[in-house]
Amino acid sequence: MPVFLPAGWLSLVTEMLILALAACGLNLMMGYAGMVSFGPAGFYALGAYTTALILVNTEISFILAFTAGPLFAALAAVIIGWFCVRLTQVYFALLTLAFSQIIHTIILGWYSFTRGDNGIVDIPIPEVLKPIPHYYYFSLLIVVLCIALLWMIIKSPFGKALQCMRENAQRAKSVGINVRLYQLSTFVLSSFFLGIAGSLFCGFSKNVFPVYAHWGKSTEMLVVCLLGGIYNFFGPVVGAFVYLLLDKIITGYTQYWPMVLGTIIITLLLFFRGGIAGFIASRVALHQGRGAADPS
């Protein structure tokens with residue numbers, strides 16, 4: 001059980017869970033609706049900063065502050081998404097990146113409110129959650145519940161409609177699906193789960209910084225999704241665990257870890273076109289198919 005791991009490794013597992021949730025939230029939009037976003041970090045940061053600002057400036061409880069993070073991210077997504085879904089493909093992706101960078105610039109420049117590049121440090125959280133094992137269990141509970149909810153969403157008629165839109169938006173529109181409304185709904189739902197991940201990380205690290213909204217954080221989430229496989233539900237979970245495990249191992253051996261990590265990830269993406277989880281699923285299906293064809 002992870003709780004018996006050393007504190008350092010237990011912290012890593014907690015971080016893996018949070019990144020997995022963020023990637024699963026992004027993949028609802030990217031893998032199932034076919035909407036490639038370059039700006040998921042903006043909503044991740046909104047969740048983190050909303051929770052942090054409430055905790056340091058008010059006496060509101062942690063649970064309410066934690067809940068406010070994803071709700072504010074979803075509210076912002078309604079406004080931002082209204083503009084973004086009017087464009088498609090690369091224009092949609094670039095517009096999401098632009099809005100994310102606007103969020104980053106506001107956080108960085110509004111020093112009197114967000115404390116700028118100094119970030120917000122020493123965020124108070126309940127004493128019961130301060131021990132690493134306790135926050136691990138809290139994170140595990142939240143992530144499992146959110147992933148279960150995402151599973152129900154993609155298995156619902158709404159999720160099937162998203163996959164139809166991904167394959168052929170024009171045909172989906174011709175059979176009565178309001179494509180733009182479904183895209184906006186997906187954008188908001190995805191941002192809500194990204195906000196939950198941001199709020200979780202706020203409590204985990206007890207600090208928030210403008211880099212949470214930077215395009216580099218968005219790139220990390222995109223790489224995690226692609227590494228695990230965007231067409232496999234558990235692909236982003238696998239991608240998050242592999243990505244952070246590689247990062248943990250490589251940084252301990254060389255100062256050139258970004259180059260080594262990048263090379264390994266590029267190699268994995270080239271040889272596992274459907275992602276790691278997609279490749280494993282295809283191998284299992286092929287093996288089962290051979291077993292069914294063999295009468296012995």
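Visitor: How many of the 27 residues of α9 are buried?
Guide: This is a predicted model, and in it 20 of the 27 residues of α9 are buried, so that helix is largely enclosed by the rest of the structure.

Visitor: Where does α9 run, and what span does it reach from first C-alpha to last?
Guide: Helix α9 covers residues 179-205 and reaches 39 Å from its first C-alpha to its last, close to the 39 Å expected at 1.5 Å a residue.

Visitor: OK, switching to α1. Is S11 buried or exposed?
Guide: S11 is in helix α1, residues 7-32. S11 counts as buried because its relative accessible area is 18%, and the cut-off for buried is under 20%.

Visitor: What does S11 touch?
Guide: Setting aside residues up to four places away in sequence, S11 touches I132 and F204. F204 also shows up in an aromatic cluster, with Y44, F62, F66, Y135, F138, F201 and Y212.

Visitor: How many aromatic pairs does the structure hold?
Guide: The structure holds 20 aromatic pairs. One of them is W82 with F83, which is edge-to-face, at 5.0 Å centre to centre and 85° between the planes.

Visitor: Are W82 and F83 buried, exposed or in between?
Guide: W82 is partly exposed, with a relative accessible area of 43%, and F83 is partly exposed too, at 41%.

Visitor: And W151 with F234, is that pair stacked or edge-to-face?
Guide: W151 and F234 are stacked, with 6.2 Å centre to centre and 25° between the planes. W151 lies in helix α6 (residues 132-155) and F234 in the loop between α10 (215-228) and α11, so the pair ties together parts 83 residues apart in sequence.

Visitor: How accessible are W151 and F234?
Guide: W151 counts as partly exposed at 37% relative accessibility. F234 is partly exposed as well, with a relative accessible area of 45%.

Visitor: You mentioned α11. Which residues are buried in it?
Guide: In α11, the buried residues are G235, P236, V237, G239, A240, Y243, L244, L246 and I250. The helix has 17 residues, 235-251, and reaches 24 Å from its first C-alpha to its last, close to the 24 Å expected at 1.5 Å a residue.

Visitor: What does A20 contact, leaving aside its neighbours within four places in sequence?
Guide: A20 is in contact with P236, V237 and A240, once those neighbours are left aside. P236, V237 and A240 are among the buried residues of α11.

Visitor: So where is A20, and is it buried or exposed?
Guide: A20 is in helix α1, and A20 is buried, with a relative accessible area of 1%.

Visitor: And how far apart are A20 and A148 in space?
Guide: A20 and A148 are 13 Å apart in space, C-alpha to C-alpha, and 128 residues apart in sequence.

Visitor: Last topic: at what angle do α3 and α4 pack?
Guide: Helix α3 (residues 62-84) and helix α4 (residues 89-109) pack at about 145°, with their axes 10 Å apart. The crossing of α3 past α4 is right-handed.

Visitor: Which residues in α3 and α4 meet?
Guide: I80, F83 and C84 in α3 meet F92, L95, T96, F99 and I103 in α4. By class, that contact has seven nonpolar residues, one polar and no charged ones.

Key: Residues are numbered from 1 along each chain as its sequence is written. This is a predicted model: local features need pLDDT of at least 70, side-chain atom pairs count only at pLDDT 80 or more; totals for chains, interfaces and linings use all residues. Side-chain values use heavy atoms; hydrogens and water are left out. Helices (H or I, at least four residues) and strands (E, at least two) are DSSP runs, numbered from the N terminus. The expected span of a helix is 1.5 Å times one less than its number of residues. Buried means under 20% relative accessible area, exposed over 50%, partly exposed in between (1.4 Å probe, protein chains only). Axes are lines fitted to C-alpha atoms, for helices over the stretch in contact, and angles run from 0 to 180 degrees between N-to-C directions. A crossing is left-handed if the near helix is turned anticlockwise from the far one by less than a right angle, and right-handed if clockwise. Contact means heavy atoms within 4.5 Å. Ala, Val, Leu, Ile, Met, Phe, Trp, Tyr, Cys and Pro count as nonpolar, Asp, Glu, Lys and Arg as charged, and the others, Gly among them, as polar. Rings of Phe, Tyr and Trp (its six-membered ring) pair if their centres lie within 6.5 Å; planes under 30 degrees apart count as stacked, over 60 as edge-to-face and the rest as tilted.
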